[in-house]
Amino acid sequence: MSAVEEIASQAPAVEAVPKRAMTLSSGTAFVIVLLLLVVPLFVKNFIIFQMTMLLIYGLAVLALNILTGGSGQFSLGNSAFYAIGAYTSAILMEQYNINYALTLPVAGVICFGAGFLFGQPALRLSGVYLALATFALATAMPQILKLGFFEKWTGGVQGLVVTKPDAPFGLPMSQDMWLYYFTLAITIAIYIFSVNLLRSRSGRAFMAIRDNEIAASAMGIDVATYKTLAFGVSAGITGVAGGLGAIAVQFVAPDSYTITLAISLFLGMVVGGVGWLPGSFVGSAFIIFVPNIAEGISKGLSGAVFGVLLFLVIFLVPHGSRQVAMVAQQLLGKLRK
Amino acid sequence: MELFTNQVLAGIATGAIYACMALAVVMIYQAIDHLNFAQGEMAMFSTFISWQLMQWGLPYWAAFIATLIFSFIGGIAIERVLFKPLTKAPILTQVAGFIALFSIINSCAGLIWDFTIKQYPTPFGSSPFLGSQLISTHQAGMIGITLLLLVGLYFFFQYTRVGLAMRAAAALPESARLVGINTSWMIALGWGMAAAIGSIAGMLIAPVVFLEPNMMGGVLIYGFAAAVLGGLTSPFGAVLGGFLVGIFENLAGTYIPHVGNEMKLPIALALIISVLVIKPAGLFGRNIVKRV
């Protein structure tokens, strides 16, 4: 290779999102929360279950969004953290009879640790190299869970069956509905936490690193700490989502957490709009419902239909649902005048 | 010691597959600056086309050439129709586009040719090569073609006008435009060439892994890994990376206890990441100095 090194002043991989544009106005948020509270009272149990899954995947996409949209690091390995969270909850509940609600913080903390540790070697990598490293994590995880050494706890290839919790205090609601409201409460709490995190000093540091790492370090930001912190937080939230997912699906097995899950989460983030937190839930709806719709249109060609739908979405709105929300906001603004 | 040599030889034989795929990966990375996740599926589709042509009675080499031309045109068409409109979209959106393309091609191939495993002929025969039980003549031929391709590409990029223009368009698109290079068509050309190289890889790999719509899944991952290990900017590095990954994988399977077939991939990847942590641009990649 030539001795002359290339010099590039590249645009950052993730474009800058203004801080204000990352969240919803309080009025819109109020309406959405109200809808989320009321709708389950009028629909069937299966739809309630799907809404629960929507919130759970939404959390996982949100976590990825903090990592990629916030700190500009790309990950295909979040399915691994999801798996760790799911297994932590399942093992604590089934093998040690610990209350399901208490297992979630444990899952979060363990995943935070795992993410923080994984963030260390990942520090030296960026772009496609980081993608490959996280990808390796995602492919290794199902195999690690299958190892004979852990079989005592994980149940090996067969996985573990998880019992669904009943509503507490004798509340007159079905298990599904209780689990939905439980998930909703946690989702809202984590959402508020994430919004505040991105508004805080740490959040500004994340965004500075995303926009220009060299400039950020010149401004006195400890790049290594904040990058690993972003990995930790993202993994922690994914872990909680994984724990909730295990409780909702009532089953954990190594093959539920393959690279396909990581790719789904990634697609959810892109469709929702990278760096726009509310979009995470739009993206989650996309990855839950669109494959079903595709299957409904054509059984044999469901993959092709899914691909075409995905192409349509990215052709029409390359910036995901964030773009739709912005156009809507502008239209509203014009109407008011 | 004999076990070791044998395993290295076997590793080189499988490595040839990865090297071939890695070459296609580097090719497109040079042209468009990111990894194409649908590359393997494009190669698989081309391989099916050649199989179909042979079923209709064409001789091997005629089908081979026809498939090359088809893939070249197909690659350009995909770029013009699907990815040119996305040039201005964010990078992550384009990656989502690759995933969509993956899904479409895989599903269509499944519908046209179904998911049963098919035999694929080899022009080199499959008898032992020079008396060695580990490398068959097919694998030797595969290594030969990969190296030939590498030399050909080297001359193309170093000594032809088009090759130079393509390098310029990839390295500094704006300056290249200023000196009159049609960068948009250089990207399309890159797609076409990558698709053609991918189809060669597919046709060489098919006799080993058998032909079916999911045949490229594993191979593409190894191809990526090999390309990243060798350095994404260097075709030579990619080929060497392919052989190294093949050897690693075999040695890990032989010498580390409890490593079944399924653990081979994570271990190979872990090793590659360790290399990357020490040399972040790959073994032969150029370091890019970033400016604020």
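Predicted model: local features only at pLDDT ≥ 70, side-chain atom pairs only at ≥ 80, totals over all residues.
**Entry: across the two chains**

Next I looked up who touches whom. From helix 5 of chain A I noted V128(A), Y129(A) and L132(A), and from helix 9 of chain B I noted F224(B), A225(B) and V228(B). Sorted by class, this contact has 6 nonpolar residues, with no polar and no charged ones.

**Entry: helix 9 of chain B again**

I stayed with helix 9 of chain B and checked it against helix 1 of chain B, residues 2-32. The two axes come within 7 Å and cross at roughly 70°. Helix 1 and helix 9 of chain B are therefore roughly perpendicular to each other, and their crossing is right-handed.

On the helix 1 side I found I17(B), M21(B) and V25(B) among the residues in contact. On the helix 9 side, the list includes L220(B), G223(B), F224(B) and A227(B). F224(B) had already turned up in my notes on the contact with helix 5 of chain A. By class, the contact of helix 1 with helix 9 of chain B comes to 13 nonpolar and 2 polar residues, with no charged ones.

**Entry: inside chain A**

How many helices and strands does chain A have? I noted 14 helices and 3 strands. The radius of gyration is 20 Å, close to the 20 Å that the globule rule gives for 337 residues, so chain A is as compact as a globular protein of that length. I also wrote down the span of its C-alpha trace along the principal axes, about 65 × 60 × 45 Å.

Then I checked helix 4 (residues 100-122) against helix 10, both of chain A. They pack at about 145°, with axes 6 Å apart, in a right-handed crossing. Their contact divides into 16 nonpolar, 13 polar and 1 charged residues.

**Entry: confidence**

Chain A averages a pLDDT of 82, and 92% of its residues score at least 70. I marked residues 1-11 of chain A, where the pLDDT is below 50. That stretch still has 15 contacts in the model beyond near neighbours in sequence.

Conventions. Residues numbered from 1 in each chain as written. Chains lettered and ligands numbered in written order. Contact = placed C-beta atoms within 7 Å. Helix = DSSP H or I, 4+ residues; strand = E, 2+ residues; numbered from the N terminus. Nonpolar A, V, L, I, M, F, W, Y, C, P; charged D, E, K, R; others polar. pLDDT = per-residue confidence, 0-100. Rg over C-alpha atoms; globule rule 2.2 N^0.38 Å. Axes fitted to C-alpha atoms, helices over the stretch in contact; angles between N-to-C directions. Left-handed = near helix turned anticlockwise from the far one by under 90°. Parallel < 35°, antiparallel > 145°, perpendicular 65-115°, else oblique.
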